[in-house]
Amino acid sequence: MKLFWPLFYFASTGVAWYLGTRSRVNDEPSKKSNLPRDYLTGINFLLNEETDKAVDIFIKMLEVDSETVETHLAVGKLFRRRGEVDRAIRIHQNLIARPQLERNFREQALFELGQDYLSAGMLDRAERIFLELLNVNSHSSRALRTLIDIYQQEKAWEKAIDTATKYQGVTRQDMQPVIAHYYCELAEAALLKDRSDMASEWLDKAVAADRSSVRASLLNAKVEAARGNYHEALSSLKKIKKQNPDYLSEAIDLLASCYEKLDKEDELVVYLKELADEYPHVPVVLILAERIRKWKGDKIAASFVTEYVRRYPSLRGVSLLVNLYLSSVDGRVKEDLTILQNLMKKILHNKPDYQCTSCGFSGKSLHWQCPGCKQWSTMLPIHSVEENA
């Protein structure tokens, strides 16, 4: 019954059109205009829940002209929204097949058919339609936007770059940050094939597209560190503070590793203290506390973390503090702290590590493109989301 009212609306429009036409051509007002046999047959199919047969009847009954084509388009779109994509495709294909259809309506029907194919996951068919619509001025920008979505789904990043560049030219919308992500995707694919030279080329293009790309800086640091170029890696990582400090936590482990490889842990502590004062994120404090503990003992490290938690209270900060105190106590106190530690672990295990600032999607992994809303660079470490809330 979920399709009864959409189809009934379609059928009602059909009979209204039919009777209207009959009344215009009938010179005898007193003569009755009977309902068409096909309409009654269609209603019978509809009442018996034979919706496919009803759709066929109503499509055949409703002639396509300037007065009815919008009804076809509306009902086709309604079917697609309800998940009945096969029926939407049939309606839009029927429209396109009519040779007398006006050009603007045919283009609209073609666009809707492309959306049908996209909803059905038939990306190759959708791509062909939207490529055809690129030559139609009234649909070119929407066709480009949809092609970008298709190429993102297909991970056809070079096509996405070319299409996004054209879209920027047509709409004047800045696509460079997104294009930088596409180059980063290509760089990551190259790294999976152990092609660090090719990855570096893609990353150079990513930086050229968007100098504030945190992702490009992180990837470039990984490439340089793998080559043993720790100074260059540090240089890339330190850019993140100016690019977007919310992502500093993603750089801390590699940054600490590079300083250690260079045997400059004293400089690491100085740099981490500066970061902790300016951006008191938990990952920064965690590594700094570990360095303090190694050099000056548990009590000094615990005192440092206690001051941090007092100034910037958070669940993760308290968990860090409990872990530090556990190593310096024994007996009943240690048992109680262990219970608290296990409870904190359970709570934190169920909490997401990243959250999208656009749609609220959350998870344990960093996605540069949000799986929920498909926006780029909207997933942030949860500590940054909480601090900015």
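## A question to start with

In which hand does α12 pass α15? The crossing of α12 past α15 is left-handed, a label given when the near helix is turned anticlockwise from the far one by less than a right angle, with right-handed kept for clockwise. Helices here are DSSP runs of H or I with at least four residues, strands are runs of E with at least two, and both are numbered from the N terminus.

Before going further, a word on the model. This is a predicted model, in which local features need pLDDT of at least 70 and side-chain atom pairs count only at pLDDT 80 or more, while totals for chains, interfaces and linings use all residues. Residues are numbered from 1 along each chain as its sequence is written, and side-chain values use heavy atoms, with hydrogens and water left out.

## The chain as a whole

The protein chain holds 21 helices and 3 strands. Of its 389 residues, 45% count as buried; that means under 20% relative accessible area, with exposed being over 50% and partly exposed in between (1.4 Å probe, protein chains only). The accessible surface of the chain is about 20,900 Å², and carbon and sulfur atoms account for 49% of that. These areas come from the Shrake-Rupley method with a 1.4 Å probe, and for residues only the protein chains shown count as cover.

## Helices α12 and α15

Two packed helices are described by the angle between their axes and the distance between the axes. Axes are lines fitted to C-alpha atoms, for helices over the stretch in contact, and angles run from 0 to 180 degrees between N-to-C directions. For α12 (residues 214-226) and α15 (residues 248-261), the axes come within 11 Å and cross at roughly 25°. The two are therefore roughly parallel to each other, as angles under 35 degrees count as roughly parallel, over 145 as roughly antiparallel, 65 to 115 as roughly perpendicular and the rest as oblique.

On the α12 side, Leu218, Ala221, Lys222 and Ala225 meet Glu250, Ala251, Leu254 and Cys258 of α15. By class, this contact has 6 nonpolar, no polar and 2 charged residues. Here Ala, Val, Leu, Ile, Met, Phe, Trp, Tyr, Cys and Pro count as nonpolar, Asp, Glu, Lys and Arg as charged, and the others, Gly among them, as polar.

## Helix α8 and its two partners

Helix α8 (residues 140-154) comes with its axis within 12 Å of that of α6 (residues 103-119), and the axes cross at roughly 15°. That makes α6 and α8 roughly parallel to each other, and α6 passes α8 in a left-handed crossing. The residues that meet are Gln108, Phe111, Gln115 and Leu118 in α6 and Arg142, Thr146, Ile150 and Gln153 in α8. Their classes are 3 nonpolar, 4 polar and 1 charged. Gln115, one of the α6 residues here, has 19% relative accessibility and so counts as buried. Leaving aside neighbours within four places in sequence, Gln115 is in contact with Arg80, Phe130 and Thr146.

With α9, helix α8 packs at an angle of about 155°, the axes being 9 Å apart. This pair is therefore roughly antiparallel, and its crossing is left-handed. Residues making the contact include Leu144, Ile148 and Tyr151 of α8 and Trp157, Ala160 and Tyr167 of α9. The whole contact divides into 9 nonpolar, 5 polar and 3 charged residues.

## Two loop residues with positive phi

Most residues other than glycine have a negative phi, and most peptide bonds are trans. Arg172 has a positive phi near 65°. Its place is in the loop between α9 (157-171) and α10 (176-192), and at 70% relative accessibility Arg172 counts as exposed.

Asp194 also has a positive phi, near 60°. This residue sits in the loop between α10 and α11 (196-209), and its 71% relative accessibility makes Asp194 count as exposed.

Apart from neighbours within four places in sequence, Met344 is in contact with Leu315, Val318 and Ser319. Met344 and Arg316 are 28 residues apart in sequence, with 8.4 Å in space from C-alpha to C-alpha.

How values were computed. Contact means heavy atoms within 4.5 Å.
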